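Visitor: I have not looked at this one before. Can you take me through a few of its features?

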Amino acid sequence: MTKPVVSEKPVVLIAEELSPATVDALGPDFEIRNCNGADRAELLAALPEADALLVRSATQVDAEALAVAGRLKVVARAGVGLDNVDVGAATKAGVMVVNAPTSNITSAAELAIALLLATARHIPRANASLKSGKWERSKFTGVELDDKVVGIIGFGRIGQLVAQRLAPFGVRLLAYDPYVQPARAGQLGAKVVGLDELLAESDFITVHLPKTPETVGLIGEEALAKVKPGVRIVNAARGGIVDEAALAIAIKEGRVGGAGIDVFVTEPCTESPLFDLDQVVVTPHLGASTDEAQEKAGVAVAKSVRLALAGELVPDAVNVQGGTIAEDVRPGLPLAERLGRVFTALAGAAPTQLDVIVRGEITQHDVKVLELAALKGVFADVVEHSVSYVNAPLLATERGMEVRLTTSSESPDYRNMTTVRGVLADGSVVSVSGTVSGPRLVEKIVEVDGFQLDVTIAEHLLFLRYTDRPGVVGQLGGILGAAGINIGGMQVARAAKGGEALVALTIDSVAPAGLLEEIKAAIGATAVHNISLEN
């Protein structure tokens, strides 16, 4: 029996059509093979000899596929979404997953502007009318952008690109984003305001937020009751941020003048109350559908594949931070990222200065990656696109945030400890510290704003501040128990007897907003932070 020929070069399997620039970016160091990823049998037959797999959206990379891919080190998605890649299964298999999180930002920004202009000038309706043999100029009278107010909800990279491109139209720009410094927005000609002010003042509103539990339905019935009459609304970000049913009602009632919608709560979407309205322009999620975006995505993941197969740090890895990181430093990576997420939840706004302080034995190694991991966590629940080691520093720069890494071999209380500390615009300071403990590498929070704790990090955390007095712990347990929410752990820390106290709880499920208000009123809490670290 003839043995199969084993390639002397790492095998890169391309399972879907990618741009020629992608292959060029891979270079001569790999054997390039192709297969039809949509053909399941063909994919499974090709995977056992692959070191890297490049896909777009049609190839399903699930546990079955990963199980037969014994040599696979990296799956690269030439695009942003990872719906067709089982990231959890890949992580368990030790396979790195990378994507191209910034490849489509220009395309997405340009589509938002196209939708805004199309709604302002009734372009789709006028086009359809003329092609049907009618000449109805007076029926399609539109509005100019000049001297109008455009509100940008979400002022991350895409929102800022939209602002830059709209400025020559002579518009006045408002921005709502609690994580952007006013000075940075001012550099782009935008004024940072509260959401209610933006809704009331804007002639056009364009949405550029990530989809999170906090942003789903943000532009719903309540928000649409506050808008300026005749406003036109664009959503080319994520489906569900704008409530489609509520928007349809607002348009029918004349409160909203029109809308441009590229994304829907359920996709593919072929039925929506918006489809029956002449004032609405719709597109089938075309934000990344340009030749340039596809080429950028292919080139970006090709570079990531080269790094991954060379055993180096991969900027856009979404599940593992592989490469040349010291083994002693690796356990600190997920801890630093979670500390960053907790910091953001506690702060509620972007800091002007962020310090990542690393103490202990691991500082004998290069711990720069812990700063990047913390930054990644700080922005993970803030921006509308994936955050990676390579773009987290850029996000900080864009928001006018000074970031510093400080190290010390001295760590009096713990073998190693990482602190994320930030100064907010009002001068207040927020800090959270953590460590990895024991042979099981248990991640713990050991300090919050100077309060000493020992709390195992869980998916759901609850922090409350109040004046120290008897009976509060019992009240908390009673209220949560009555609501069917189980407490996994609880610890109280206080500055002094009868002074300010902090209680930290790990709970088994999310506490609803109404329950938090009940707790706040019952114990007289001065601050309540409900933090979810679910991926």
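Guide: One definition to start: a residue is called exposed when its relative accessible area is over 50%, and buried when that value is under 20%. The model here is predicted.

Visitor: Okay. Is D291 buried or exposed?
Guide: D291 has a relative accessibility of 68%, so D291 counts as exposed.

Visitor: Where does D291 sit?
Guide: D291 belongs to helix 12, which covers residues 291-309.

Visitor: Which residues form the negative surface patch?
Guide: E110, D291, E292 and E295 make up that patch.

Visitor: And which helix gives the largest share of the negative patch?
Guide: Helix 12 does, with three residues.

Visitor: New topic, the backbone. What kind of peptide bond joins E267 and P268?
Guide: That bond is cis, with omega at about -5 degrees. Most peptide bonds are trans. P268 is in the loop between strand 11 (256-261) and strand 12 (280-282).

Visitor: What about phi at D147?
Guide: Phi of D147 is positive, near 70 degrees, and D147 is not a glycine. Most residues other than glycine have a negative phi. The loop that holds D147 runs between helix 6 (123-131) and strand 6 (149-153).

Visitor: And what is phi for D449?
Guide: D449 also is not a glycine, and its phi is positive, about 50 degrees. D449 is in the loop between strand 17 (442-448) and strand 18 (451-456).

Visitor: Why is D449 called partly exposed?
Guide: Because the relative accessible area of D449 is 27%, which falls between the 20% and 50% cut-offs.

Technical notes. Residues are numbered from 1 along each chain as its sequence is written. This is a predicted model: local features need pLDDT of at least 70, side-chain atom pairs count only at pLDDT 80 or more; totals for chains, interfaces and linings use all residues. Side-chain values use heavy atoms; hydrogens and water are left out. Patches are made of residues with over 30% relative accessible area and no salt bridge: like charges are joined within 9 Å, nonpolar side chains (Val, Leu, Ile, Met, Phe, Trp, Tyr) within 5 Å. Accessible areas come from the Shrake-Rupley method with a 1.4 Å probe; for residues, only the protein chains shown count as cover. A salt bridge is a side-chain nitrogen of Lys or Arg within 4 Å of a carboxyl oxygen of Asp or Glu. Lys and Arg count as positive and Asp and Glu as negative; His and the chain ends are not counted. The place of a charge is taken as NZ of Lys, CZ of Arg, CG of Asp or CD of Glu. Helices (H or I, at least four residues) and strands (E, at least two) are DSSP runs, numbered from the N terminus. Buried means under 20% relative accessible area, exposed over 50%, partly exposed in between (1.4 Å probe, protein chains only).
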